[in-house]
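Keep the model open beside the text and look up each residue as it comes along.

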Amino acid sequence: MQLPSTKQLQYFVALVEAEHFGRAAEAVHVSQSALSNAIKELESRLDTQLVDRTNRQVTITATGQQVATQARLCLRDVEGLVELVAGQKQPM
């Protein structure tokens with residue numbers, strides 16, 4: 001099983017918050033196509049549809065909403081890990 005990358009989770013959370021591919025891409029400083037590809041790959045890795053792309057409107061599926069909640073928690077934990085290590089750095 002291949003796990004989602006933190007980048008994919010960040011991009012997905014940005015999309016959920018922006019509700020628009022273009023604005024989400026701007027928020028994470030990537031092209032819209034790069035963001036879209038990352039979301040498609042995330043959906044493929046999870047084997048589920050997270051986003052309903054119809055009528056030029058972005059709708060997050062019910063599963064997508066649940067994934068977004070967990071993604072936020074995962075990202076918070078990863079940030080905490082980085083902060084923990086940064087606070088304990090000592091010269092080699």
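The notes below go from the overall layout to single residues.

This is a predicted model, in which local features need pLDDT of at least 70 and side-chain atom pairs count only at pLDDT 80 or more, while totals for chains, interfaces and linings use all residues. Residues are numbered from 1 along each chain as its sequence is written, and side-chain values use heavy atoms, with hydrogens and water left out.

**The overall layout**

- The chain has 4 helices and 2 strands; helices (H or I, at least four residues) and strands (E, at least two) are DSSP runs, numbered from the N terminus.
- Starting at the N terminus, the order of the elements is α-α-α-β-β-α.
- The C-alpha trace spans about 55 × 30 × 20 Å along its principal axes.
- Of the 92 residues in the chain, 32% count as buried. Here buried means under 20% relative accessible area, exposed means over 50%, and partly exposed is in between, using a 1.4 Å probe and protein chains only.
- Take the contacts between residues at least 6 apart in sequence: 51% of them join residues at least 24 apart. A contact means heavy atoms within 4.5 Å.

**Helix 1 meets helix 3**

- The axes of helix 1 (residues 6-18) and helix 3 (residues 32-46) come within 9 Å and cross at roughly 110°. Axes are lines fitted to C-alpha atoms, for helices over the stretch in contact, and angles run from 0 to 180 degrees between N-to-C directions.
- Helix 1 and helix 3 are therefore roughly perpendicular to each other. Angles of 65 to 115 degrees count as roughly perpendicular, under 35 as roughly parallel, over 145 as roughly antiparallel and the rest as oblique.
- On the helix 1 side, Gln8, Leu9, Tyr11, Phe12 and Leu15 take part, and they meet Ala34, Leu35, Ala38, Ile39, Glu41, Leu42 and Arg45 of helix 3.
- The residues of this contact of helix 1 with helix 3 divide into 9 nonpolar, 1 polar and 2 charged. Ala, Val, Leu, Ile, Met, Phe, Trp, Tyr, Cys and Pro count as nonpolar, Asp, Glu, Lys and Arg as charged, and the others, Gly among them, as polar.

**Helix 4**

- Helix 4 (residues 62-87) has 26 residues, which should span 38 Å at 1.5 Å a residue, and its end C-alpha atoms are 38 Å apart, which agrees. The expected span is 1.5 Å times one less than the number of residues.
- Gly64, Val67, Ala68, Ala71 and Leu75 are buried in helix 4.
- What do the buried residues of helix 4 pack against? They pack against helix 1, helix 3 and strand 2 (57-60).

**The two strands**

- Strand 1 (residues 51-54) pairs with strand 2 in the antiparallel sense over 4 bridges; two strands pair if DSSP finds at least two bridges between them.
- Val51 has Ile60 in strand 2 as its bridge partner.
- In the hairpin of strand 1 and strand 2, 2 residues lie between the strands, and Asn55 takes a positive phi near 50°.

**Positive phi in the loops**

- Most residues other than glycine have a negative phi.
- Glu19, in the loop between helix 1 and helix 2 (21-27), has a positive phi near 55°. Glu19 is exposed, with a relative accessible area of 56%.
- His29, in the loop between helix 2 and helix 3, has a positive phi of about 60° although it is not a glycine. His29 is exposed, with a relative accessible area of 74%.

- Glu43 lies in helix 3. Is Glu43 buried or exposed? At 11% relative accessibility, Glu43 counts as buried.
- Beyond its neighbours within four places in sequence, Glu43 is in contact with Thr48, Gln49, Leu50, Val51 and Arg53.
- Ser44 also lies in helix 3, and at 57% relative accessibility Ser44 counts as exposed.
- Ser44 and Leu84 are 40 residues apart in sequence and 32 Å apart in space, C-alpha to C-alpha.
- Ser5, in the segment before helix 1, counts as partly exposed at 27% relative accessibility.
- Ser5 and Leu81 are 76 residues apart in sequence and 16 Å apart in space, C-alpha to C-alpha.
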